[in-house]
Amino acid sequence: MEQDLKQLQKTEAIERLKILQDKFELMETVTKEFEKEDTLYYSEYVNKQCPAILYWISNNEDYEKAIKQFEEKHNALVYHVILTPTYDNGIVLTLLYVSKTKQEWTRDKKELKEGLPCAYVMNIETKQGSEFGGIQIAGSMGGIVRLA
């Protein structure tokens with residue numbers, strides 16, 4: 001039964017990545033590699049001249065481990081991550097994910113299309129201040145940036 005949920009979550013995650021492609025110009029490679037090889041990418045904010053760069057999450061063991069722990073704890077599937085360095089709180093990972101609650105998925109896709117998805121914001125350095133909530137996103141140079 002849990003395997004069935006994981007497959008449904010993956011199908012849903014691919015639909016959401018396609019929304020990010022269509023609405024926010026996320027690089028198509030992100031969706032294709034997630035679909036074929038379960039490759040997870042993150043968009044990293046760099047600066048105003050180069051707002052987002054894409055990386056494989058597997059390039060950073062700490063991030064990969066933190067995401068796997070989140071997925072296991074919440075029975076969720078992360079489909080894209082936004083890394084944002086902050087002055088006050090260090091590195092923050094914003095996890096775009098598919099929850100275990102299928103009844104929420106239609107609403108979640110609608111909010112994603114509006115650029116206002118629900119996400120889990122994880123403070124990597126202190127673990128304090130990590131929480132679920134609504135965020136605002138925009139597309140940037142093939143990646144995704146968090147605006148609020």
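This is a predicted model: local features need pLDDT of at least 70, side-chain atom pairs count only at pLDDT 80 or more; totals for chains, interfaces and linings use all residues.
Local features are reported only at pLDDT of at least 70 and side-chain atom pairs only at pLDDT 80 or more, while totals for chains, interfaces and linings use all residues. Residues are numbered from 1 along each chain as its sequence is written, and side-chain values use heavy atoms, with hydrogens and water left out.

Start with helix α1, residues 2-24. Helices here are DSSP runs of H or I with at least four residues, strands are runs of E with at least two, and both are numbered from the N terminus. α1 has 23 residues, which at 1.5 Å a residue should span 33 Å. The expected span is 1.5 Å times one less than the number of residues. The end C-alpha atoms of α1 lie 31 Å apart, in agreement.

Which residues of α1 are buried? They are Leu5, Gln9, Lys10, Glu12, Ala13, Ile14, Arg16, Leu17, Ile19, Leu20, Gln21 and Phe24. Buried means under 20% relative accessible area, exposed means over 50%, and partly exposed lies in between (1.4 Å probe, protein chains only). An α-helix has 3.6 residues a turn, so residues three or four places apart point the same way. The cover over the buried residues of α1 includes α2, β3, β4, α4 (105-113), β7 (137-140) and β8. Glu25 follows α1 and has a positive phi, near 60 degrees.

Now turn to the strands. Two strands count as paired if DSSP finds at least two bridges between them. β3 is mostly covered, with eight of its ten residues buried. β1 and β3 pair in the parallel sense over three bridges. Here Ser43 has Ile82 of β3 as its bridge partner. β3 also runs antiparallel to β4, joined by nine bridges. His80 stands opposite Leu96 in β4. A hairpin of three residues links β3 to β4.

The pairing continues from β4 (residues 90-98) to β5, antiparallel over four bridges. Val92 has Asn123 of β5 as its bridge partner. β5 (residues 118-123) is mostly covered: five of its six residues are buried. β5 and β6 (residues 131-134) run antiparallel, joined by four bridges. Tyr120 stands opposite Phe132 in β6. In a regular strand the side chains alternate between the two faces of the sheet.

The loops come next. Thr39 sits between α2 (28-37) and β1 (41-45). Is Thr39 buried or exposed? Its relative accessible area is 14%, so Thr39 counts as buried. Beyond its neighbours within four places in sequence, Thr39 is in contact with Val30, Glu33, Phe34 and Trp56. Contact means heavy atoms within 4.5 Å.

Ile124 lies in the loop between β5 and β6. Its relative accessibility is 17%, so Ile124 is buried. Leaving aside neighbours within four places in sequence, Ile124 is in contact with Tyr63, Ala66, Ile91 and Leu93.

Most residues other than glycine have a negative phi. Asn75, in the loop between α3 and β3, has a positive phi near 50 degrees. Met141 also has a positive phi near 50 degrees. Met141 lies between β7 and β8. At 56% relative accessibility, Met141 is exposed.

Finally, the pockets. A pocket is an open set of points on a 1 Å grid over the protein atoms alone, where a 1.4 Å probe fits, with protein on both sides within 12 Å along at least five of seven lines; lining residues have an atom within 4 Å of a point. Grid points are joined across faces, edges and corners, and a volume is the space filled by probe spheres set on the points.

The largest pocket holds about 440 Å³. Its lining has 20 residues, with Asp38, Lys68, Glu71, Leu77 and Val78 nearest the centre. α1, α3 (61-74) and β3 (77-86) each give two or more residues to this lining. By class, the lining has seven nonpolar, five polar and eight charged residues. Nonpolar covers Ala, Val, Leu, Ile, Met, Phe, Trp, Tyr, Cys and Pro; charged covers Asp, Glu, Lys and Arg; the others, Gly among them, are polar.

The second largest pocket has a volume of about 370 Å³. Thr84, Thr86, Val92, Val121 and Arg146 lie nearest its centre, among 21 lining residues. β3, β5, β6 and β8 (143-146) each contribute two or more residues. This lining divides into eleven nonpolar, eight polar and two charged residues.
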